Amino acid sequence: MNIKPSMTFALNSENKLVHVDSVECGLKSNCVCPCCGKELIAKNNKGEKGKRVHHFAHLNGRECKHGYDTSIALLLEKILLEAKKIHIPHGKIAFCGKHLIKEKDVTIVGVKREYVEDTPVPNIILECKGMK
């Protein structure tokens with residue numbers, strides 16, 4: 001059984017990422033899909049506890065192919081910016097013939113989005129203090 005994840009984050013009228021439970025129900029949410037920019041309906045009726053997972057749905061009824069993935073990428077961006085630091089555990093990774101990973105704490109100074117051809121989902125690139 002292939003279960004499709006529900007989009008629980010969207011962009012509000014101020015272009016900020018918001019969770020479905022933090023907005024009004026239905027079209028009053030004033031949210032759009034972070035991928036295609038189309039209008040969303042917030043399906044978060046508090047009176048229907050346990051009947052369905054709270055989520056956003058496209059108003060036109062056709063779900064965007066990359067809406068969920070884009071919302072998760074933007075959530076990751078938000079979490080990393082708010083964290084300001086991450087811990088890199090010791091490990092090995094082959095990259096251009098080098099082993100790059102040593103255990104350390106890294107200070108995040110910025111985050112940027114990189115879009116790869118043929119997909120609207122951004123890669124999230126960290127800009128870290130003292131690293132290139």
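1. Just after H1, Lys84 takes a positive phi of about 65°. Helices (H or I, at least four residues) and strands (E, at least two) are DSSP runs, numbered from the N terminus.

2. This is a predicted model, in which local features need pLDDT of at least 70 and side-chain atom pairs count only at pLDDT 80 or more, while totals for chains, interfaces and linings use all residues. Residues are numbered from 1 along each chain as its sequence is written, and side-chain values use heavy atoms, with hydrogens and water left out.

3. The protein chain holds 1 helix and 9 strands, and from the N terminus on its elements follow the order β-β-β-β-α-β-β-β-β-β.

4. The 17 residues of H1 should span 24 Å at 1.5 Å a residue, and this agrees with its end C-alpha atoms, which are 24 Å apart; the expected span is 1.5 Å times one less than the number of residues in the helix.

5. Among the buried residues of H1 are Gly67, Thr70, Leu74 and Leu80, where buried means under 20% relative accessible area (1.4 Å probe, protein chains only). Their cover includes strands E1 (9-11), E2 (17-19), E5 (85-88), E8 (104-114) and E9 (123-128).

6. Glu77, which is found in helix H1 (residues 67-83), is buried, with a relative accessible area of 11%. Leaving aside neighbours within four places in sequence, Glu77 is in contact (heavy atoms within 4.5 Å) with Val111, Arg113 and Ile124.

7. Across the protein chain, buried residues make up 30% of the 132 residues.

Key
Buried < 20%, exposed > 50% of the residue type's maximum accessible area, 1.4 Å probe, protein only.
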